[in-house]
Amino acid sequence: MRLRRFRGKRPIAWLPVRTSRGRWLLVRLARAALAAWGIASLVFVVSRLLPGGPEQFALDGAGEKWGGASAGHVAQMQQAARQSFRHRLGLDEPIFYVTRSPAPAGWHWHGRHNQYHRWVVQLLHGGLGQSYRDGQPVGAALGRALAYTLPLTGSAAVLATGLALYLALYLAGAPGGRGRALVRTLLGGLQTMPLFLLALLLLLLLANPDGLNLVPAGQVPNAATSSLSQVLSYWGPRSLLPLLSLVLAVLPSLALPLAAALHHELGTDYATTARAKGLPISRILRRHALPNALIPLLTTLTELLPSLVAGTVVVEVVFALPGSGRLLAQAAATHDYPVVVAGVLLTALVRLLGLLLADVLYFTLDPRLRPLA
Amino acid sequence: MRALFKARRPVAYWLAISWLALIAGLGLLGPSLPLPYSSSTADLLAIATPPSAPHYLGTDALGRDVLAGLVAGARRLVSISLPATFLAAALGAVLGGAAGFWGNTRLRLPVAAAGGLLAAGWWALALPGQLLALLLALGSSLWLSLLLWQKTPRRQPTIALPVDSLVLGAGTLLGAVPRLIMLVALAAGPPFTTYQLLGLLVVVAWPEPARLVRAEMLRVRVQPFIEAAWASGLPPGRIWWHHALPAASQSLRSLVPLSLAGLIGLESSLAFLGIGQAPDAVSWGSLLAAARQEPSAWWVAAVPGLALLLTLLALQQVATAAKNR
Amino acid sequence: MRYYWLGSLLAFLTSACSTPSAEQHQASSPVHIRWARDPETLDPQTLSNQNAVDASNLLQLALLQNDFATGGYGPALVEALPRVQLLGDSLTLLDYHLRPQAAWDSGQPVLATDVDFTLKLMQCPNLPNEGARVQFSFIRQVRLDPTDARHFTFVCRGQATEFIVSSGDYPIISEAALDPGHTLRKLSLATLQDWPATRAPAPAVAALVRRYQQADPARHPEHLPGCGPYRLAAWDTDRQLIFQRKAHWWADALPAAPAVLQARPQQLIFTILPDDATAALALRRHEVDVYPQVPARIFRQLQASPTARQAFAFYTKSSYDLVTAGFNVRQPALRHKLTRQALSRLFDPAQLMVATQLGQGSRTVGLLPPGSPFYNDSLPLPTYAPTQAAALLRQAGWRRLADGAWHHPAVAAPLALVLRYRTDELTFTAVALQFQAAAAQLGIPVQLLPTEGSLLTSCLQSGDFDVYVRLIKGSSSGYNFAPILHTDAINHGNFTGFGRPDTDRLLEHIATEGNPRRKRLLLRRFQGLLQDEMPILPLFFVPYRLAVSRQLHHVIASSLKPGYAATALSWQAADSLATRAH
């Protein structure tokens, strides 16, 4: 008799967590952290291989003015300036432990003196580096920017989900009707509009001194000297428009697939049985069809998580909010590698945690959907 | 195809079919239409003029005719955006379905497959002995495909291919890399041909349908009819391709019009960054992006926006009607 | 109950519909100015963008500063422009006297040793001063006067007329704050300049660099004492900066303060609004009072609105920023000057200026502005002439064959061009499309390649283009064209690759010529040469547009960057104060 090898999940005995579910969670978290680090490493290496570097933006203006000394001398000085700039930022070291040179063809080992090793050591000590543009620590800048972005996007996500649930239940409640067709058309129209058009439209319609002006005039409160009520009374009406544009932008992609899934669920046998038993359709929708139809909605919601952190560049530019989307976009455009890599690390971590959350929620909704090892 | 033309369909359905036919016709016949202005000619005397003769739909901030841009955009839609949407949905369905069906431990490959993958990696990294590695990789993949479609499983040492982690990891990588970095990296090369742009759009757009189909596949995998298929002894590949995958792709029906809108949005952000496209390659996405330069010229955004909305609604109408056949 | 909600909603909407009126401003009210981006760093050695330069001019003073009223440079810390003395044919002596009243916040006077220290600081490694090092390394020595601590002489390598202005164009840093022990006085400026990069820095230099990095002036400029009129009161990154006027500033005691030493507003608040439409709305809502460098379409919209015309004053001034098209002389198809002249006839500068700049700005025959005393008005302006272009192409040896393309016996491929320009710039896109249409009518296919900023510079430097369109930022005293046309600059700023020994000599003569009459002759010859050889085609100078609240007085619209003088502004109420001690 041949013993079947145990192919299930062996609980790892030495972990402090007792239940197998807990251990699975811990393993998944560790894998998510490793995967995020892998992705950030890839972006680290690729960004330094791109042509053109931060010295182009920093020394751009210096090249056009020169003191009238001999031309060859100044060209030499510009070259020296570029080299010393790269040396100061540590960009003249090899990028990775091994590099491949075209001729002589082959791989060269560099040991520990490379940019990647320094970055990993710094990361393990909890530091994210310093920005190339102003030399300030990246973590502090990102934290400040997130303090503007996260409240806005978090409340937009919550509002959009609630509104999407309500609209989807309304749309699936009956097959036809002019009201429902109108709502569908409006949602389709919102879907076709790019976010910047939506934001500009809202700005021009609702914050226009010539027309409707919902934004009261007022000066920006100084963070250091104004009280909480002053800050709230300034930011309250001003966050209405960005919130509205974000909610309207993400609403169709949440509501329409959910409505379609609910409609599909209403055609199944158990829903027909429930109708035959005399339950009102709204109750069937809310209590029986919705949990089955939530899977695609959860998928879309967890996919939205990374854009909560870094995806709202357009809204931040149009409404002049110093958020993290704008920070990361500017860093990418000016080749400010430390900020870009920190942003990618954060986004990848959030996305992987979102995947984990989605799997946990699938299991909560439908115990048959066992998480895959 | 016959189902499309069944009689006794509502009026909205026929309107949708006729709109799609109009767009397809404009797209295919575009260059031969007798339009007074071409889509890329900048009429400097008529910057941002409202709809009037001779520019019947107005001009944008650079003086380009909006009507000509609409026709050029229809051509681009038919040649790039629509195929990209469908290809991305198909690729996403296949990869997501595989990830959901087989997970990380169920797809067992013979050990030779690992050798094949190693050989492919050896070749890609340009380590010495490339030709040998390529031949090894080809041989292993041939053997692999033969094994996968067999009815009776053989007993031999196997390793598990972690499909789920690979697909999710690839999707996360594509989603986590900021668009600007990716586009700047791609802009470093020569400008895109049509097929390269199509490939780029497919590569950027496949993770979303993949995740949806993966989630649906997790549900479908435990349905009774799939268990019956296992019990009846069908090979796993057949169960996946003929039974599980079509059931799991149901949710894509409502996604396809939305992802078309998403691709147009991606095109407008590409046009906004000027990457891969020159201003003489006009599309609906680039017209929408051009509206930002002159916000008071509402016709520059309204015309392609309306056309896009009608196309989406038509696609939705056709999708629901095909489902209700 | 429902009427309550309806009523409150109506009340809310009607209150929202009220148009904001400009409140009456007191003399001490702050002036709000719009900035499009954050200055990022206020390190006096690293001023990487125009906003940082403006901010630094408020906090610290240089020897010479921009005088917006005259459009040139005026003495700030020094009493007058320097006295020039030429030594031999390779050295220049510039003689400066600092103002006796100039003092730091601590009360210490500004002395020549501070100037010497500032120049030595630019040469210290591991500080973000590479750009400054390139710009000011022509100063080889600072000769101090043992009898007068405020008198010093610069010894400059080379002889160029630009030295008069550029030798004083950097903020002066106090020696007492960073080097109280005067450790750097032992090392001369020339020693520091010639220090090899591989050798470790001197211990005094290393200690100074550590102290500088600890002070972190990029983020906290208040750690270094400044002699400017303002101090930085608050900095919310990407949101706003607040500058507060110092109560006791040394220049307030001057009997007749020159324009560069005037600072009227009590508080300057710079609000950062990256989007132009948002900024226009903020202006209309009176959240900002000054909107500099307004884009053309927004300017037109604002002028079209009667309420905006009533509340704001609009100014337009032609600047020194020139939109140019350049040809890659190194390409085989463009080697002959007649080909380049032919292609230059396919651009339509007049029409483009009307279409993109509302007809504002100015056209030119060479690289000099029409208002310059050295402008060559006997040359014709470049115009759109397609028939002349065809004739010039035939004269150059091109023949148009049956397939519609132009062929030349010395060039393998038919005439086809690649045009590169920076993305996301409406003006450049309009120029590119116009050229493409004009060339298509003549049978020349043009491929448009909008390129991202950093990639564009590397493509231009490596010669990977045929034609480019870009903006050359000039200055009021900018008669040195060697960075863009000298052979030694070919892999750096000279993108066209143009250069011959005789043109190099002409450029060098222009840079060093001091006599205005001889300089005029040389520059006229240079403009003629440029039109003949056509490596660069000047299209038009872009205007600076300014929108300012009507309650502000002493508005100076200037051709110099940034287009307005922030320190000269004052509110209407302030003018009623008839008596002012200074």
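A residue counts as buried here if 20 or more other C-beta atoms lie within 10 Å of its own. Keep that cut-off in mind, and remember that you are looking at a predicted model.

**Stop 1: helix H15 of chain C**

Select residues 426–442 of chain C, which make up helix H15. Its buried residues are Thr427(C), Phe428(C), Thr429(C), Ala430(C), Val431(C), Ala432(C), Leu433(C), Gln434(C), Phe435(C), Gln436(C) and Ala439(C). What lies over them? Show the cover around the buried residues of H15(C), and you'll find among it helix H13 (349–357) and strands S12 (312–327), S15 (417–422), S16 (446–451), S17 (467–473) and S18 (536–549), again in chain C.

Now check the helix length. With 17 residues at 1.5 Å a residue, H15(C) should span 24 Å, and the C-alpha atoms at its ends sit 25 Å apart, so the two agree. Step just past the end of H15(C) to Gly443(C), where phi is positive, at about 90°.

**Stop 2: Gly228 of chain C**

Next, pick Gly228(C), in the loop that runs between helix H8 (203–215) and strand S8 (230–236) of chain C. Is Gly228(C) buried or exposed? Gly228(C) is buried, because 25 other C-beta atoms lie within 10 Å and the cut-off is 20 or more. Leaving out neighbours within four places in sequence, Gly228(C) has contacts with Leu58(C), Leu59(C), Gln60(C) and Leu61(C).

**Stop 3: a four-stranded sheet in chain C**

Staying in chain C, colour the strands of the open sheet ordered S4-S5-S7-S6, where the pairing is antiparallel. At the edges are S4 (83–87) and S6, each of which pairs on one side only. Direction ignored, neighbouring strands of this sheet are turned by 20° against each other on average.

Zoom in on S5 (residues 91–97) and S7, both of chain C, which pair antiparallel over seven bridges. Here Leu94(C) has Phe154(C) in S7(C) as its bridge partner. Helix H3 (residues 112–121) of chain C packs on the sheet and touches S6 and S7 of that chain, with its direction at about 160° to that of S6(C).

Then move to S6 (residues 139–144) and S7 (residues 151–157) of chain C, an antiparallel pair with five bridges. These two strands form a hairpin, with six residues between them. For one bridge to look at, select Ile139(C) and its partner in S7(C), Cys156(C).

**Stop 4: the nonpolar core**

Turn all the chains back on. Which residues of the largest nonpolar core touch the most other members? Of its 337 residues, they are Ala199(A), Ala255(A), Leu258(A), Leu262(A), Leu77(C) and Leu419(C). The biggest contribution to this core is made by helix H2 (residues 66–102) of chain B, with 17 residues.

Centre on Leu262(A): beyond its neighbours within four places in sequence, its contacts are Ala168(A), Ala172(A), Leu285(A), Ala289(A), Leu290(A) and Ala293(A). Zoom out to chain A as a whole and you have 15 helices and two strands. Of the 373 residues in chain A, 42% are buried.

**Stop 5: where chains B and C meet**

Finish at the contact between chains B and C, with 21 residues from chain B and 21 residues from chain C. Colour the chain B side by residue type, and you get 13 nonpolar, six polar and two charged.

Key: Residues numbered from 1 in each chain as written. Chains lettered and ligands numbered in written order. Predicted model: local features only at pLDDT ≥ 70, side-chain atom pairs only at ≥ 80, totals over all residues. Contact = placed C-beta atoms within 7 Å. Nonpolar A, V, L, I, M, F, W, Y, C, P; charged D, E, K, R; others polar. Core = buried A, V, L, I, M, F, W, Y, C linked by C-beta atoms within 7 Å. Buried ≥ 20, exposed ≤ 12 C-beta atoms within 10 Å, placed from the backbone. Expected span 1.5 Å × (residues − 1). Pairing = 2+ DSSP bridges. Axes fitted to C-alpha atoms, helices over the stretch in contact; angles between N-to-C directions.
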